[in-house]
Amino acid sequence: MKHTKGPWKIAPINDNDGNLTHFITSVPDDTIITYALPNTMHPEMMANAKLLAAAPELLYELKELMQDFYNCCGSSILDLPAYKKAFRTILKLEEEDTKC
């Protein structure tokens with residue numbers, strides 16, 4: 001399954017009772033990616049939300065960086081352990097999930 005197109009952002013919204021709820025939404029159309037229930041957003045959860053919101057951009061930039069390294073260094077870079085790990089991670093993220 002493909003993820004919702006980024007970029008994403010953290011969008012704090014007050015519900016009808018005045019409770020603050022944090023949503024992670026897509027920037028172009030405010031599609032809700034995930035949310036935290038009111039009054040549950042402690043510092044670790046906010047750090048996690050920031051990481052989640054940055055995920056599409058991080059994936060894009062990693063792909064760009066890998067392509068730049070390949071263009072610069074050629075196929076010899078394919079043998080580097082870090083390059084292999086990054087490539088496997090991208091494949092894992094982009095493989096179709098048939099279990100959903």
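Helices (H or I, at least four residues) and strands (E, at least two) are DSSP runs, numbered from the N terminus. The model is a predicted one, in which local features need pLDDT of at least 70 and side-chain atom pairs count only at pLDDT 80 or more, whereas totals for chains, interfaces and linings use all residues. Residues are numbered from 1 along each chain as its sequence is written, and side-chain values use heavy atoms, with hydrogens and water left out.

Next, display E2 together with E3 (residues 32–36): the two pair in the antiparallel sense over 4 bridges. Two strands pair if DSSP finds at least two bridges between them. Within this pairing, Thr25 stands opposite Ile32 in E3.

Remain at Thr25, which belongs to strand E2 (residues 20–26). Is this residue, Thr25, buried or exposed? Thr25 counts as buried because its relative accessibility is 4%; buried means under 20% relative accessible area, exposed over 50%, and partly exposed in between (1.4 Å probe, protein chains only). Leaving aside residues up to four places away in sequence, the contacts of Thr25 include Pro7, Trp8, Asp30 and Ile33, where contact means heavy atoms within 4.5 Å. As for the strand itself, 6 of the 7 residues of E2 are buried.

Turn now to strand E1 (residues 8–14), which pairs with E2 in the antiparallel sense over 7 bridges. Here Ile13 stands opposite Thr21 in E2. E1 and E2 form a hairpin with 5 residues between them, and Gly18 in the turn has a positive phi of about 85°.

Proceed to helix H2 and select Tyr83, Ala86 and Ile90, which are buried. Seen down the axis of H2, the buried residues fall within an arc of 65° (taken from the directions from the helix axis to the C-beta atoms), so they line one face of the helix. On the other side of H2, Pro81, Lys85, Arg88 and Lys92 are exposed. H1 is included in what covers the buried residues of H2.

Finally, select Lys63 and Glu94, whose side chains meet in a salt bridge (2.2 Å, N to O). This pair links distant parts of the chain, 31 residues apart, with Lys63 in helix H1 (residues 43–73) and Glu94 in helix H2 (residues 81–94). A salt bridge is a side-chain nitrogen of Lys or Arg within 4 Å of a carboxyl oxygen of Asp or Glu; the structure holds 1 salt bridge.
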